[in-house]
Amino acid sequence: MTVTSATGPVGRPPHRAGRENFRQLIMLRWIAVSGQLATILIVTLGMKVVVPVVPMVAIIGGLVALNLVSTARLARAGAIRNAEVLGGLLLDMAALTGLLYLSGGATNPFVSLFLLQVVLGAILLDTRSAWVLVAATAGCFVLLVVTYHPLVVPEYFRIGRIDLYILGALVSFVLVAVLLVFFVTRINANLRARDARLAAMRQQAAEEDHIVRMGLLASGAAHELGTPLALVSVVLNDWAKMADFADAERAEDLREMQGALARCKTILTGILTSAGEARGENPKVTTLSAFVGELADEWRAQNVGRPLLLRDQAVVQADLRIVSDAALKQVIWNVLDNARDASRKAIVLAVERDDSRLAFEILDEGPGFTPEMLANIGRPYHSTKGRPGGGLGLFLVTNVMRKLGGRVSAHNRARGGAVVRLDLPIAAIELAKEAEDVR
């Protein structure tokens with residue numbers, strides 16, 4: 001089972017639902033044009049019923065032109081406005097009214113097709129526009145009752161005229177029912193997808209707000225800790241000059257304390273760098289292989305006795321010049337720390353790369369993720385460590401990767417252990433060509 005966090009751009013933009021629904025209306029109009037032409041052929045050639053073919057074909061030609069214009073509009077970027085949908089439905093209704101006027105008016109059993117327009121309008125339009133459509137439909141129906149071109153049925157159909165009308169009403173009912181189910185279900189699916197995207201965007205906004213507040217807190221704490229750490233550094237340097245620390249054992253303890261202090265300063269520097277933009281003000285230009293190698297060496301130095309195996313599969317390609325990103329480095333470090341806490345055995349850091357994307361995989365041999373953890377990857381306060389405030393590591397990782405345009409995924413290994421994969425576009429860290437020329 002693999003779970004991917006909701007990183008990167010959250011699906012398609014919400015206005016995409018309007019464009020998809022507009023596409024459904026275009027499809028419905030093509031079906032209507034085909035059905036109307038087929039009906040005219042059946043009635044005139046098969047049933048020998050005399051109808052004004054030329055004006056009816058002209059109305060159908062107008063629908064074809066409307067569909068071509070609608071298709072061209074759909075090809076342009078931007079959201080489909082409510083007025084555009086209303087205009088299209090009103091023109092469809094006008095065309096249907098014209099065809100019914102030329103073929104018996106309200107006595108034509110296909111007058112029930114008006115209901116299809118009303119139902120679609122109720123789903124796609126705002127309340128005011130939907131009522132406008134209802135009023136227009138009622139007006140068209142009344143017009144067809146008052147005035148219409150009589151439908152002249154041949155003499156051999158006269159005896160079964162009632163049966164013929166019922167047959168037409170049955171065909172109309174089935175057609176409306178099928179089209180309603182087919183298109184309304186697809187339109188509802190588009191609307192549900194839009195709602196899901198909006199919910200995901202709201203969730204992302206809430207998470208980013210949480211990150212901002214955490215960043216402010218961490219930044220403030222880092223500034224506050226800077227003064228006492230500087231004082232400790234001065235004291236340790238003074239102790240190093242005292243005779244009491246001349247013996248080897250105390251000197252070794254002092255060096256370890258100075259090393260731990262240097263590590264604390266490095267962590268605070270990283271916090272202050274990451275609290276602003278994802279990239280520091282003075283980025284370091286390096287290569288991908290050097291970045292990965294330096295990261296692995298630093299982690300090994302801070303975790304003596306915990307083997308880290310590096311599988312850099314990207315070295316088989318030409319090395320890539322990148323901007324060393326402190327935030328990305330901290331992200332990989334956090335995942336490595338989580339793997340260290342989960343497993344006492346060796347940890348593997350695998351690097352993969354293709355033409356456009358870069359991936360870091362961290363593999364451990366621990367107990368793996370619980371189903372609950374996999375279902376909540378990237379959400380705060382979901383952790384297997386059981387301590388208050390835990391579960392922020394992968395949450396921070398997820399949000400940094402989102403800012404870099406990447407994503408986080410995780411799954412359990414078949415033979416035990418877990419895999420966390422960090423994917424991001426190479427363009428997020430690659431040194432731009434223009435920057436190389438300047439250098």
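Leu328 touches Phe291, Phe360, Met401, Leu404, Leu424 and Ile429, leaving aside residues up to four places away in sequence; contact here means heavy atoms within 4.5 Å. Before going on, note that this is a predicted model, in which local features need pLDDT of at least 70, side-chain atom pairs count only at pLDDT 80 or more, and totals for chains, interfaces and linings use all residues. Residues are numbered from 1 along each chain as its sequence is written, and side-chain values use heavy atoms, with hydrogens and water left out.

Leu328 belongs to the largest nonpolar core, which has 39 residues. By nonpolar core I mean a set of buried Ala, Val, Leu, Ile, Met, Phe, Trp, Tyr and Cys residues joined through side-chain atoms within 4.5 Å. Buried means under 20% relative accessible area, exposed means over 50%, and partly exposed is in between, with a 1.4 Å probe and protein chains only. The members that touch the most other members are Leu328, Ile332, Phe360, Phe369, Leu422 and Leu424.

Several elements supply at least two residues each to this core, including helix 8 (288–302), helix 9 (326–342), strand 5 (347–353) and strand 8 (418–425). Helices (H or I, at least four residues) and strands (E, at least two) are DSSP runs, numbered from the N terminus. Which helix gives the most to this core? Helix 9 does, with seven residues. Apart from this core lies another, of 29 residues, among them Leu25, Leu74, Leu100 and Leu133.

Now the packing of helix 8 and helix 9. Their axes are 11 Å apart, at an angle of about 45 degrees. Axes are lines fitted to C-alpha atoms, for helices over the stretch in contact, and angles run from 0 to 180 degrees between N-to-C directions. The pair therefore counts as oblique; under 35 degrees is roughly parallel, over 145 roughly antiparallel, 65 to 115 roughly perpendicular, and the rest oblique. Among the residues that meet are Phe291 and Trp299 in helix 8, and Leu328 and Trp333 in helix 9.

Phe291 has a further contact, with Thr286. Thr286 lies in strand 2 (residues 284–287) and is buried, at 12% relative accessibility. Thr286 also touches Leu320, Arg321, Ile322 and Ser324, again not counting residues up to four places away in sequence.

Residues making the contact include Ile59 and Leu63 of helix 2, with Gly88 and Leu91 of helix 3.

Arg81 sits in the loop between helix 2 (53–75) and helix 3 (82–101). Is Arg81 buried or exposed? Arg81 is exposed, at 58% relative accessibility. Arg81 and Phe22 are 59 residues apart in sequence, and 9.8 Å apart in space, C-alpha to C-alpha.

Two cysteines next. Cys140 is buried, with a relative accessible area of 16%, whereas Cys264 is partly exposed at 35%. How many disulfides does a search of the whole structure find? It finds zero, a disulfide being a pair of cysteine sulfur atoms within 2.5 Å.

Last, the chain as a whole. There are 12 helices and eight strands, and buried residues make up 39% of the 439 residues. Of the contacts with a separation of 6 or more, 75% are between residues 24 or more positions apart.
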